[in-house]
Amino acid sequence: MAPLLVLWLAVCLGGTWAVDRGNFKTCDQSAFCKRQRALKPGESPYRALLETMELTNTRLTLQLINDNNKVRLLLELYRLQGNITRVKINELKPLKPRYEVPDVLIREPPTEPLSLLSQDENGVVLSLGPESQRVIVSARPFRLDIMEGRDVLMSLNSRGLLAFEHLRIRKDTQADPEAEKKEEDDPANQAEEAKEEEEKAEDGMWEETFKSHTDGKPNGPSAVSLDFSLPGVEHVYGIPEHADTLRLKTTNNGDPYRLYNLDVFQYELYNPMALYGSVPVMIAHNAQRTTGIFWLNAAETWVDISSNTAGKTVFGKMLDYVQGSSETPQTDVRWISESGIIDVFIMLGPTPKDVFSQYASLTGTQAFPPLSALAYHQCRWNYNDQEDVQSVDAGFDKHDIPYDFIWLDIEHTDGKRYFTWDPHKFATPKDMLQGLLDKKRKMVAIVDPHIKVDTNYKIHTEIQSRDFYIKNKDGGNYEGWCWPGSAGYPDFTRADMRAWWASMFAYDQYEGTMENLYTWNDMNEPSVFNGPEVTMHKDAMHGAWEHRDVHNIYGFYVQMATAEGLIQRSGGVERPFVLTRAFFAGSQRYGAVWTGDNAAEWEHLKISIPMCLSLGLVGISFCGADVGGFFKSPSTELLVRWYQMGAYQPFFRAHAHLDTPRREPWLFGPENTALIREVVRERYTLLPYWYQQFYNTHHTGEPVMRPLWVEYPQDPATFALDDEFLIGRDLLVHPVTEEGARGVTAYLPGKDEVWFDIHTFQKHNGAQNLYIPVTMSSIPVFQRGGSIIPRKLRVRRSSTCMEHDPYTLYVALNPRRTAEGELYIDDGHTFNFEKKEFIHRRLSFANNILSSVNLTPAAQFSTSSWVERVLILGASKPSKVTLKTADGQESQLEFDFDASMSVLTLRKPGMNAGADWTVTLQ
């Protein structure tokens, strides 16, 4: 390793474990944020020129003018299918094109007709179609209001914070004389001369310096900003990634939430600092309606949130009520981006699931993972060599703990050259992979997007010869420091570069690989150790665009190209599995994400819940946190509690830093090994349910791990809860996250609902805070009365070994003595489900009859799995139980009844899991 890099790593990784805040900008240190934030709410300088309005069947266009500098903007308004309104604002005549984000939307969104309802000199009113929804465009000052009946759902520019810094020629340097002449001839520009003279003195418009890095800004100031007001709203969520509560906080007394993908070394909790990924989507919710705002911009973005009820105590709110204060709660949100245009999608719900569906219609749904990817993953930086891998693999068998994937970090490569293997430590990778395949297990190896500059390294020489590297501002290949030392960064924004990268995963290109090797993309923010804020210089060039325009989408493209490579290598047959650290809107289409370099601390265990819930709300369901914490060493209590939590989060992977002691699950004494074994096995029994939830999210966009308010949208007690969560509709999990806990208090929602403890089958009423005593073996999990959950109780060494095993159905009756659920089965790993090769069945219990019916008659698939047991919770004792199969055969079933718990167990009913049948209790 280069001596400079060793020194840098020693400084960064040695001694201190906390984030160095000084490495990352505050709003005050980010010139455009400081500039925009200095604008105070008030009269907007923007006016709509109604005489320029053009209305076609699909869109309205209208010019806006800034009365201060006479620069004109073009507003485009679209009504989109599915109750979405799109608002675009760009310069009418920009000096050069401004960046518009490609590839994130799955298609050009289909429009619906807009019709004019009324018009006068003050503005226009347009119909948005359903239920008296309309949009009002006010002319002076410009503002947009979206209404339904007499209610304002959302207002744009109501606080006058629309700002659009137009591209301009720098007056104090030699610029392109032709462009300058063109600009001088434009009457719109003559009026702004005086204005611009004043602006010249302002810092950071044409250049800014942070620490030792200077950002030259050849295009000058180009920020865009817009405010949104949400009447009646007190709870907003989303805009990940931040290590913060689920409900977003107001930002009046500190920095706005920042969206700028960064490699943050051991991040701090409960603050708005940027982390590894950015999804510019906010969800607003109250008991009447859920709405969403999707701000499609890939540049550095800050989001300010204010509220007229923030800081009011419960007593203060009661006082308002007693005194008859009629102030409606309102949340105001302001988005500020460094460059690009304003392109915003307003999702009007009205239900949470409508908003998920609306967002999915724009950016797609979560990729349907191979079933094995939902099982347990064992990782560390690093397993040393093939013998180490073999020994860890054998350890799982010896201690009877199932696992599906073992992972290799950067040390497995030949000198941090990705797509290679260390010739001494991993000399025969195919033998290693075959050994795993023989046990129906898999491996993940890391492939990062920084490429070692080395003329003997094929990947580097190919990228260089094809001119695929990102350029620096002077036109040479951009180089920065990362794990290999000096590294180049492929330009993943180019489709030809992505196609080439995908081709590198072919078995004849990526030597030593087999079909059970999958991929992990780390460091793809991109991380540049010697760059500003540990990332790429904003004036680096991607073809015609600056890095500042595309920064937040870089990681999205890396994962896209990698996933495509895994699909192509199998001839389009096999579903890929790719984990990414950096992400953007739409990343859900390509795989999983994790919450990055967390620490072995109780607070980090807690924060993983709101972090994954926030991601799920904006489409990214396949989320998890490093079990045990990446940095530091967990106590045995913390490690066990983390396994208990991780087993109920979508992506379940243990991972640890190079400098931490080994922590395979059997290294903490037999008692702790037993506790970890128990909860990992619990995960495996529930894989049929997890798989069905991912099938559902792949079709609907609904989160797998979801906040309680998604299912109980009218219950304010759920709106800020983030220490418990639902998996799908039917499992409620309240992990133990306090050291030395003797008990937890869980809120069980639903005033007419009951919940069954999945371990004891004890029944509890909904709409109550329930105190639950806990021991080290407890993880409070409840099944909703009214649900049917399939499980596989014969746990084997990997999920693939359990493919043909039988099912046990857990039928939890509601107070009306009914229940329903689903069973989804396919081959677990190919795209054949898209060709209708699957089983999808509706399971229901009503009038003492349990039945299984086909939900998708057009689908064809067969399974040898059968139903070996049925447990009915909340049942009464029958005199006899009869099974009737599809061919009309009837037989009586054996049963046991536990009167103390009201649990009826039907033994060995034996019907095929894919068949029609009914079971009647008499």
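Modeller: Let us begin with the rule for sheets: two strands pair if DSSP finds at least two bridges between them. Strands (E, at least two residues) and helices (H or I, at least four) are DSSP runs, numbered from the N terminus. This is a predicted model, in which local features need pLDDT of at least 70, side-chain atom pairs count only at pLDDT 80 or more, and totals for chains, interfaces and linings use all residues. Residues are numbered from 1 along each chain as its sequence is written, and side-chain values use heavy atoms, with hydrogens and water left out.

Colleague: In what order do the three strands of the open sheet lie?

Modeller: In general, strands of a sheet pair through backbone hydrogen bonds, either parallel or antiparallel. Here the order is β24-β26-β25, with antiparallel pairing, and the edge strands, each pairing on one side only, are β24 (451–452) and β25 (479–482). Between β24 and β26 (residues 485–488) there are two bridges, and Ile451 has Gly488 of β26 as its bridge partner.

Colleague: Which strands are at the edges of the six-stranded open sheet?

Modeller: That antiparallel sheet runs β34-β35-β36-β41-β38-β39, and its edge strands are β34 (705–706) and β39 (763–765). Within the sheet, β36 (residues 731–733) and β41 (residues 781–784) are joined in the antiparallel sense by three bridges, with Val733 opposite Val781. Helix α17 (residues 687–700) packs on this sheet and touches β34, β35 (725–727) and β36, its direction making about 90 degrees with that of β35; contact means heavy atoms within 4.5 Å.

Colleague: Is strand β47 enclosed or open, and why?

Modeller: The idea to have in hand is that a residue is buried under 20% relative accessible area, exposed over 50% and partly exposed in between (1.4 Å probe, protein chains only). Because six of the seven residues of β47 (residues 867–873) are buried, the strand is largely enclosed by the rest of the structure. Six bridges connect β47 in parallel with β43 (residues 807–812), while five bridges connect β47 in the antiparallel sense with β51 (residues 903–907). Leu873 of β47 stands opposite Ala812 and has Val903 as its bridge partner in β51.

Colleague: How should I read the span of helix α13?

Modeller: The expected span is 1.5 Å times one less than the number of residues. With 16 residues, α13 (residues 554–569) reaches 23 Å from its first C-alpha to its last, close to the expected 22 Å. The helix is mostly covered, with 14 of its 16 residues buried, and just after α13 Gly571 takes a positive phi of about 70 degrees.

Colleague: How are α15 and α16 oriented to each other, and why is that word used?

Modeller: Axes are lines fitted to C-alpha atoms, for helices over the stretch in contact, and angles run from 0 to 180 degrees between N-to-C directions. Angles under 35 degrees count as roughly parallel, over 145 as roughly antiparallel, 65 to 115 as roughly perpendicular and the rest as oblique. The axes of α15 (residues 636–646) and α16 (residues 670–685) come within 9 Å and cross at roughly 10 degrees, and the two helices are therefore roughly parallel. Among the residues making the contact are Leu639 and Tyr643 of α15 and Leu675 and Val679 of α16.
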